[in-house]
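Please consult the sequence and the structure while reading.

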Amino acid sequence: MVRIALDPTPYNDTVALADFPELAARLGYEYLQLTPNPDFGRHFHFPKLDDELVSTLKRRARDAGVTITSLLPVQRFSWPEEPQRIAAVRNMTRYIELAAELGVPIVNTEFSGRPEREEDSEAGFYRSMEELIPVLEREGVTLNIDPHPDDFVEDGLEAWRIIRGLNTSQVGFVYVAAHSFHMGNRAATLIPELGGRLGAVYASDTFDHTRSNALRYITNPPGNAVRVHQHLAIGDGDVDWTELFGVLRAAGYFERPDALIVSNVFAEDERADEISRFQLAKIRELISAA
């Protein structure tokens, strides 16, 4: 069975970290991905869990019947400047150790870096991976990376080439549907090439910013270096969900025992319960229909 996990980001201001497993269970989820949160660890910061909180999370998840599938920290390990890169490696090392302590085999993250300094950022990425891959191997954790809009690499195929160049099965790819159009809208060709290195799929929708002569979004002044995308409920944007799930089916993803789909809608906080339940039902429907 495909694991469908909740990203609890919409609840960060209203639900305590230790209550997330019960929240997921209440919404019908059996699986949970822990994402940046003041008690878990904010973007680019050192994680804030101690042994007591780790123990509490494990107990609360067990009591709720919810499995924590993955952690999602965001760190600047591809940053072109060394102080930020070094801090990111230290922070990510601790997150990997925490994943092992929680019994979580996956850490999902983003490339970071700067697109206007692509060469320096890629060099920083490989330097960081030289330090982090031994930690991943020691702790038995897999790191999956998403080419997020405004990272040093945004195109999905080029991101896969960079990951492939590491020559290790400890690092894989996160396919985020809400980033489809920044990645080149190439699910049909990219996902088969990823094969077993596709570590997670995130399910939320977005509009295609390249339509209407790239004038679907207008920023002032024209030419601003911005990256616009959304994390909408499935069906509220332009992602071709029939194609995406059909490609995942054809690639054998749904038959894998480690298959993971994460619902990560961020645009509907005022209807978070309703949307979370809708996402779970819709993802199941798409899997069945594929």
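Which residues of helix 3 are buried? In this predicted model, the buried residues of helix 3 are R85, A88, V89, N91, M92, T93, R94, Y95, I96, L98, A99 and L102.

**Helix 3**

- Helix 3 covers residues 82-102, a run of 21 residues.
- From its first C-alpha to its last, helix 3 reaches 30 Å, which is close to the 30 Å expected at 1.5 Å a residue.
- G103 follows helix 3 and has a positive phi, near 75°.

**Helix 8 and helix 9**

- The axes of helix 8 (residues 241-250) and helix 9 (residues 272-289) come within 9 Å and cross at roughly 60°.
- That angle makes helix 8 oblique to helix 9.
- The crossing of these two helices, helix 8 and helix 9, is right-handed.
- Helix 8 contributes W241, F245 and R249 to the contact, and helix 9 contributes I283, L286 and I287.
- Classified by type, the residues of this contact comprise five nonpolar, no polar and one charged.

**Helix 5 and helix 6**

- Helix 5 (residues 156-164) and helix 6 (residues 187-194) have axes that come within 10 Å and cross at roughly 10°.
- Because angles under 35 degrees count as roughly parallel, helix 5 and helix 6 are roughly parallel to each other.
- On the helix 5 side, G156, L157, W160 and R164 take part, and they meet L190, E193 and L194 of helix 6.
- The contact of helix 5 with helix 6 has four nonpolar, one polar and two charged residues.

**R216**

- R216 lies in the loop between helix 7 (211-214) and helix 8.
- With a relative accessible area of 32%, R216 is partly exposed.
- Leaving aside residues up to four places away in sequence, R216 touches F207, D208, H209, R211 and D238.
- R216 and E154 are 62 residues apart in sequence, and their C-alpha atoms are 19 Å apart in space.

Conventions:
Residues are numbered from 1 along each chain as its sequence is written. This is a predicted model: local features need pLDDT of at least 70, side-chain atom pairs count only at pLDDT 80 or more; totals for chains, interfaces and linings use all residues. Side-chain values use heavy atoms; hydrogens and water are left out. Axes are lines fitted to C-alpha atoms, for helices over the stretch in contact, and angles run from 0 to 180 degrees between N-to-C directions. Helices (H or I, at least four residues) and strands (E, at least two) are DSSP runs, numbered from the N terminus. Angles under 35 degrees count as roughly parallel, over 145 as roughly antiparallel, 65 to 115 as roughly perpendicular and the rest as oblique. A crossing is left-handed if the near helix is turned anticlockwise from the far one by less than a right angle, and right-handed if clockwise. Contact means heavy atoms within 4.5 Å. Ala, Val, Leu, Ile, Met, Phe, Trp, Tyr, Cys and Pro count as nonpolar, Asp, Glu, Lys and Arg as charged, and the others, Gly among them, as polar. The expected span of a helix is 1.5 Å times one less than its number of residues. Buried means under 20% relative accessible area, exposed over 50%, partly exposed in between (1.4 Å probe, protein chains only).
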